[in-house]
Amino acid sequence: MSVQTPASTPTRRRRKGTALGRAITRTFDNRWAGLAALAIALLAPFVIATPYALSVMTSAAIFVMLAAGLNIVVGYCGLLDLGYAAFFAVGAYTSGVLSTRFDLPLLATLPAVIVVTIIAGIVIGAPTLRLRSDYLAIVTLGFGEIIRITANNLEITGGPSGIYGIPGLTDNAVVFYYLTVVVVAVAVAGAARLGRSRLGRAWRFIREDEDAAEAMGVHTYRVKLAAYIAGAIWGGLAGVLFAAHLSAISPGSFTFLQSALVLMAVVLGGMGSTPGVVLGAIVISLLPEVLRDFADYRYFAFGVLLIIFMLVRPQGLWPHRSREASA
């Protein structure tokens, strides 16, 4: 007959707590959570379908795609990018110029957008990805400003006035919202799949310890460049949706503040966590609209709430949990 010692009770409680934590993790990290979020997005127009609400929800969906792309660079690979709006601008301006100057439908510009964003990723990433930490952040910030200033001074991009009359993908706001949600869902699922692939594991090794990853045979420069190119493609495609949504773009839409907000969404949601990044992007994009009744004080309230979030949950609203940690 075994006798239960006082020390064994806390141990059993800890084991029960650990088992409960694993169960919660499995519940929230499985595919049903993503399907539930997609269902909510698809059902939202049935709850409220005013033009303003549809515009806000569409902008939020595009912002989710931006955050998913930056999560590849920052969350998976650990590369601090402060100029991510540059790829957003490259995609928007490429589709805008081709559709207005050559009378092309927006869908026909997608191959050119992908090619141009890949080139932009190589041009920006190739000379900078040998840098680390703060130096990389400063250089990416500089490249982001170079793209914006270039668009502000070129005649083909419309200068400070930008490009107007960009054809939309559809004239129906509800149909465009659903189209955006489907494209963003595929992009988010693709980013998550990349994170679980062999390349994604290499990105995480580099994020944890770049020197150790290189010592184990990972070609860190090529792997980091692949992350940068993947993030550029996601940002460029989000730019196409942005141009179609507003039918007009200007350099003022691609400032450092836009890059900072996307980075904030990744950090707030949980770096490397796909559901966390989606949640963070929704919070960042919708919270200012929820606080619109505060008028001039809404951004002050927005900042205060963000500080509280980060103090209470420094690891993010929905942090990434590795399989090893949850086993």
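A residue is called buried here when its relative accessible area is under 20%, exposed when that area is over 50%, and partly exposed in between. The structure discussed below is a predicted model.

By this criterion both Y93 and F254 are buried. The structure holds 8 aromatic pairs, and Y93 and F254 form one that is tilted, with 5.8 Å from centre to centre and 55° between the planes. Y93 belongs to helix 4, whereas F254 sits in the loop between strand 2 (248-249) and helix 11 (256-269), so their pairing ties together parts of the chain that are 161 residues apart in sequence. The two residues also take part in a cluster in which ring pairs link F88, Y93, F242 and F254.

A further aromatic pair joins Y177 and Y178: the ring centres are 5.6 Å apart and the planes stand at 55°, so this pair is tilted. The accessibility of each partner can be set against the cut-offs given at the outset. Y177 has a relative accessibility of 3% and therefore counts as buried, while Y178, at 23%, counts as partly exposed.

Attention now turns to a charged residue. D81 is located in the loop between helix 3 (51-76) and helix 4 (85-101). This aspartate is buried yet has no salt bridge; the nearest side chain of opposite charge, that of K224, is 13 Å away. A salt bridge would require a side-chain nitrogen of Lys or Arg within 4 Å of a carboxyl oxygen, so the distance to K224 excludes one. The side chain of D81 does, however, reach the backbone nitrogen of G83 at 2.9 Å. Apart from its neighbours within four places in sequence, D81 is in contact with L70, V73, V74, F87, T140, Y228 and L263.

Most residues other than glycine have a negative phi. D103, although not a glycine, has a positive phi of about 55°. D103 is placed in the loop between helix 4 and helix 5 (110-125), and its relative accessible area of 67% means that D103 is exposed. S247 likewise is not a glycine and has a positive phi, here of about 60°. The loop that holds S247 runs between helix 10 (220-246) and strand 2. With a relative accessible area of 31%, S247 is partly exposed.

How values were computed. Residues are numbered from 1 along each chain as its sequence is written. This is a predicted model: local features need pLDDT of at least 70, side-chain atom pairs count only at pLDDT 80 or more; totals for chains, interfaces and linings use all residues. Side-chain values use heavy atoms; hydrogens and water are left out. Helices (H or I, at least four residues) and strands (E, at least two) are DSSP runs, numbered from the N terminus. Buried means under 20% relative accessible area, exposed over 50%, partly exposed in between (1.4 Å probe, protein chains only). Lys and Arg count as positive and Asp and Glu as negative; His and the chain ends are not counted. A polar contact is a pair of N or O atoms within 3.5 Å; within protein, one must be able to donate a hydrogen and the other to accept it, and residues adjacent in sequence count only if both atoms are side-chain atoms. Contact means heavy atoms within 4.5 Å. Rings of Phe, Tyr and Trp (its six-membered ring) pair if their centres lie within 6.5 Å; planes under 30 degrees apart count as stacked, over 60 as edge-to-face and the rest as tilted.
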